[in-house]
Amino acid sequence: QVQLVESGGGLVQPGGSLRLSCAASTSIFNFYVMEWYRQAPGKLREVVATVNPGGGTNYADSVKGRFTISRDNIKDTVYLQMNSLKPDDTAVYYCSAYDIRAADRYHYWGQGTQVTVSS
């Protein structure tokens, strides 16, 4: 069982920045693929960014060049630095993790943190 606790959401003006954090309660964090998803009202949940155990990253086209995902394998924490925020980035952001060794890729989820981009 892995618990994920997000923090760092809030209200920000267009063009502003926020950094989300997600702390994982596992002693084998190094084996976990860490992801950030988001879900806007009336829309499906979508993956925003992924970082694998080796540090390789992938991003949704809508956030490339603006968002940066990173991980600290000492603190068992993943971050999402969000710059040049737009109103379309408004959503609940969720941290997710799965063990790269697991065949079923079972995902653990955090409780979500609200990000609102508005003037």
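Biologist: Why does Asp 89 count as buried?

Modeller: In this predicted model, Asp 89 has a relative accessibility of 2%. The cut-off for buried is under 20%, and 2% falls under it, so Asp 89 counts as buried.

Biologist: Where does Asp 89 lie?

Modeller: Asp 89 is in the loop between strand S8, residues 77-82, and strand S9.

Biologist: What makes the approach of Asp 89 to Arg 38 a polar contact?

Modeller: The two side chains come to 2.9 Å. A polar contact needs an N or O pair within 3.5 Å, one atom able to donate a hydrogen and the other to accept it. The 2.9 Å between Asp 89 and Arg 38 is within that limit, and the pair is listed as a polar contact. The side chain of Asp 89 also makes a polar contact with the side chain of Arg 66, at 2.8 Å.

Biologist: Which residues does Asp 89 contact, leaving aside neighbours within four places in sequence?

Modeller: Arg 38 and Arg 66 are among them, and so are Phe 67, Ser 84, Val 115 and Val 117.

Biologist: How do you know that Cys 22 and Cys 95 form a disulfide?

Modeller: Their sulfur atoms are 2.1 Å apart. The limit for a disulfide is 2.5 Å, and 2.1 Å is within it, so the pair qualifies. The structure holds 1 disulfide. In general, a disulfide is a covalent bond between the sulfur atoms of two cysteines.

Biologist: Which hand does the link of Cys 22 and Cys 95 have?

Modeller: The angle about the S-S bond is -80 degrees, and the link is left-handed.

Biologist: Which parts does the pair of Cys 22 and Cys 95 tie together?

Modeller: Cys 22 belongs to strand S3, residues 18-24, and Cys 95 to strand S9, residues 91-99, so the pair joins parts that are 73 residues apart in sequence. Cys 22 is buried, with a relative accessible area of 0%. Cys 95 is buried too, at 0%.

Biologist: What makes Ser 21 buried?

Modeller: The relative accessible area of Ser 21 is 16%. That is under the 20% cut-off, so Ser 21 is called buried. Ser 21 is placed in strand S3. Not counting residues up to four places away in sequence, Ser 21 touches several residues, including Val 5, Trp 36 and Tyr 79.

Biologist: Why are S1 and S3 said to pair?

Modeller: DSSP must find at least two bridges between two strands. S1 and S3 have 4 bridges, so they pair, and they do so in the antiparallel sense. Leu 4 stands opposite Ala 24 in S3.

Biologist: In which order do the strands of the open sheet stand?

Modeller: The 4 strands are in the order S1-S3-S8-S7, with antiparallel pairing. S1 (4-7) and S7 (67-72) are at the edges with a single partner strand each, so one side of each has no neighbour in the sheet. On average, neighbouring strands are turned by 15 degrees against each other, direction ignored.

Biologist: How many bridges join S3 to S8, and S7 to S8?

Modeller: S3 and S8 pair over 6 bridges, and 6 bridges also join S7 to S8. Both pairings are antiparallel. Within S8, Gln 81 is the bridge partner of Arg 19, and Thr 77 is that of Asp 72. S7 and S8 form a hairpin with 4 residues between them. In its turn, Asp 76 has a positive phi of about 55 degrees.

Biologist: What makes S8 largely enclosed by the rest of the structure?

Modeller: In S8, 5 of the 6 residues are buried, so the strand is described as largely enclosed.

Biologist: Why is Asp 72 called partly exposed?

Modeller: Asp 72 has a relative accessible area of 21%. Buried means under 20% and exposed means over 50%; 21% lies in between, so Asp 72 is partly exposed. Asp 72 lies in strand S7, and its side chain reaches the backbone nitrogen of Lys 75 at 3.1 Å.

Biologist: Which residues have the most contacts inside the largest nonpolar core?

Modeller: That core has 30 residues, and those with the most contacts inside it are Leu 4, Met 34, Trp 36, Leu 80, Met 82 and Tyr 93. Strands that each supply at least two residues of this core include S3, S8 and S9.

Methods. Residues are numbered from 1 along each chain as its sequence is written. This is a predicted model: local features need pLDDT of at least 70, side-chain atom pairs count only at pLDDT 80 or more; totals for chains, interfaces and linings use all residues. Side-chain values use heavy atoms; hydrogens and water are left out. Buried means under 20% relative accessible area, exposed over 50%, partly exposed in between (1.4 Å probe, protein chains only). Contact means heavy atoms within 4.5 Å. Axes are lines fitted to C-alpha atoms, for helices over the stretch in contact, and angles run from 0 to 180 degrees between N-to-C directions. A nonpolar core is a set of buried Ala, Val, Leu, Ile, Met, Phe, Trp, Tyr and Cys residues joined through side-chain atoms within 4.5 Å.
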